[in-house]
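Subject: Handover of a structure

Dear colleague,

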Amino acid sequence: MSAAEVDTGAPQEMKKYKTYAVNVDPDQDDKATEIKLCNFSRPHMRAFHCSWWAFFIAFFIWFAISPLLSEIKTTLNLSKEDIWTSSIVGVAGTIAMRFILGPGCDKWGARILFAAVLCIASIPTACTGLVNSATGLAVLRLFIGIAGGTFVMCQYWTSRMFTKEVVGTANALVGGWGNLGGGVTQLVMGSLLFPLFKTFYGNGPDAAEKAWRTVCIVPAVVAFATGCIVYFISDDCPKGNYKELKKNGTMPEISAAASFRSGAFNFNTWILFVQYACCFGVELTMNNAAALYFREEFGQSTEAAAAIASIFGWMNLFARGLGGYISDKLNARMGMRGRIWAQTILLLLEGALVLVFANSSRLGGAIVCMVFFSVFVQAAEGSTFGIVPYVDPPSTGSISGIVGAGGNTGAVLFGLGFRQLSYKNAFLLMGFVILGSSLSSIFLIIKGHRGLFFGTDSPENKAQSLAVPEPDAEEAAEVNKEPVKREPLETKMAEERPVIAEDISDVESEHEA
């Protein structure tokens, strides 16, 4: 369908935009059926680009401190355990935020929450230079970790803007490009801004300390500005903002608690929680561990280790989107069973490559292995959120929050492994856990869809994710044509009366004959 104009024929319907720059499906609440990457028009593509950019900035400030940890460790005389404790706390704090923000998205939409979280998280980021102890570092990272909760809004927003046919690709692209911030921050903070600030301070004996204490002000300012901009230039959903839709009566008020209960009581939610822990949790762990690993195990400098570590994040440029694309394509061929197969295979390959990486003793081999291992980590993330919108469509926000929290939970648990074990043993543990999680796909059985080995596809398994009700609205007429014109009732009746009179005359004539 073309989406130049949609008229549902419901005069009381509130719709902010009468025309769209992309094709839409009126039966799926005017969601876009295509993704135009070079288009920035409101509401669909503006939300798409705001989503990945805001999440990119959130990820950037979340891990801006990671490439500086070796310098902070030296300045404050911290132990390996102290550093890993701060890293674990930094991702643990986000778990609660994701549980809270999921139902919040169902109630208030992604735009407002995105702006609020970015502005709030920018404050502790700017305060990085005030840290003077291990406890202070842990508390600081706990509050910076609030930024990690923006992943929920990132995935919810595109699920709200794109139809089920392309939502896997849309979710994967915005998630992957946002996650790219984790790689870019390693490069920009560790290999660009940190040396630049050291030069500014004269490369003296305390130049490194002055540099790490002030450099985080830059990303903090960018994050605050991004939050403000996103709030004013975008929309909550295709038909406008939630506040206006609810005020107009077009959208019902949603209970955040009821939404959370519905998502939490679905068994599939928790299977995806575990599987996301084994892909996104791995990525978060690598964001914390990679620079330290290459510096301590291969003797690289802070700048070189940060540059190498950034490679892992750079794979997000295409890998997560590739996972979502594969999921969409297999869904077109095999239905939900295709999405689940994509998820299972990607997790199996990811786990196998982690085991190979654990046994790589040469720098070149470790880097090459990390590249391929990163591709499958992020592709599995993309395939996970190709499934999420189907689990329980009206509770997509809550389910996104719970599954997203699984990533942080995985990072906490893997982080504890790295805190207590040698790097090799920690990576081996990680690899075997990932392989085990892939087997849980057997139990993914989503209502109305066939699983890997069980269940059947229902005749009508069309997703109705978060559709805004249209009270007394007729079926969508035609797209890209003149709106349906309603004639006044009196006119219509007047036109019909002569016909009725003629019919009565004919009957009387026949009776007389």
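I112 is partly exposed, because its relative accessible area is 35%. This residue, I112, belongs to helix α4, which spans residues 110–126. I112 and Y231 are separated by 119 residues in sequence, while their C-alpha atoms are 6.2 Å apart in space. Please note that the model is a predicted one.

As to the chain in general, the protein chain has 20 helices and two strands. Of its 513 residues, 57% are buried. Among the contacts between residues at least 6 apart in sequence, 79% join residues at least 24 apart.

I turn next to the packing of helices. Two packed helices are described by the angle between their axes and the distance between the axes.

The pair α3 and α5

Helix α3 covers residues 80–108 and helix α5 covers residues 134–144; their axes come within 7 Å and cross at roughly 20°. That angle is under 35 degrees, which makes α3 roughly parallel to α5. The crossing of α3 and α5 is right-handed. On the α3 side, D82, I83, S86, S87, V89, G90 and G93 take part, and they meet A134, L137, A138, R141 and L142 of α5. Sorted by class, the contact of α3 with α5 holds six nonpolar, four polar and two charged residues.

The pair α13 and α17

Helix α13 (residues 280–298) packs against helix α17 (residues 363–391) at an angle of about 170°, and their axes are 11 Å apart. The angle is over 145 degrees, and α13 and α17 are therefore roughly antiparallel to each other. From α13, the contact is made by F280, V282, E283, M286, F294 and F298, and from α17 by L363, A366, I367, M370, F373, V377, Q378 and E381. The residues in the contact of α13 with α17 comprise 11 nonpolar, one polar and two charged.

The pair α7 and α17

Helix α17 also packs with helix α7 (residues 167–200), here at an angle of about 135° and with the axes 8 Å apart. The two helices α7 and α17 are therefore oblique to each other. Their crossing is right-handed. In this contact, α7 supplies V167, G168, N171, A172 and N179, and α17 supplies E381, G382, F385, G386 and P389. By class, the contact of α7 with α17 has four nonpolar, five polar and one charged residues.

Helices α11 and α12

In helix α11 (residues 256–264), the buried residues are S259, G263 and A264. These residues lie on the same side of α11, because they cover an arc of only 125° around the axis. The elements that cover the buried residues of α11 include α3, α12 (267–277) and α18 (396–420).

Helix α12 contains T269. T269 is buried, because its relative accessible area is 0%, and the cut-off for buried is under 20%. Not counting residues up to four places away in sequence, T269 touches G263, V391, I399, I402 and V403. One of these partners, G263, is also among the buried residues of α11.

Conventions: Residues are numbered from 1 along each chain as its sequence is written. This is a predicted model: local features need pLDDT of at least 70, side-chain atom pairs count only at pLDDT 80 or more; totals for chains, interfaces and linings use all residues. Side-chain values use heavy atoms; hydrogens and water are left out. Axes are lines fitted to C-alpha atoms, for helices over the stretch in contact, and angles run from 0 to 180 degrees between N-to-C directions. Helices (H or I, at least four residues) and strands (E, at least two) are DSSP runs, numbered from the N terminus. Angles under 35 degrees count as roughly parallel, over 145 as roughly antiparallel, 65 to 115 as roughly perpendicular and the rest as oblique. A crossing is left-handed if the near helix is turned anticlockwise from the far one by less than a right angle, and right-handed if clockwise. Contact means heavy atoms within 4.5 Å. Ala, Val, Leu, Ile, Met, Phe, Trp, Tyr, Cys and Pro count as nonpolar, Asp, Glu, Lys and Arg as charged, and the others, Gly among them, as polar. Buried means under 20% relative accessible area, exposed over 50%, partly exposed in between (1.4 Å probe, protein chains only). The arc is that of the directions from the helix axis to the C-beta atoms.
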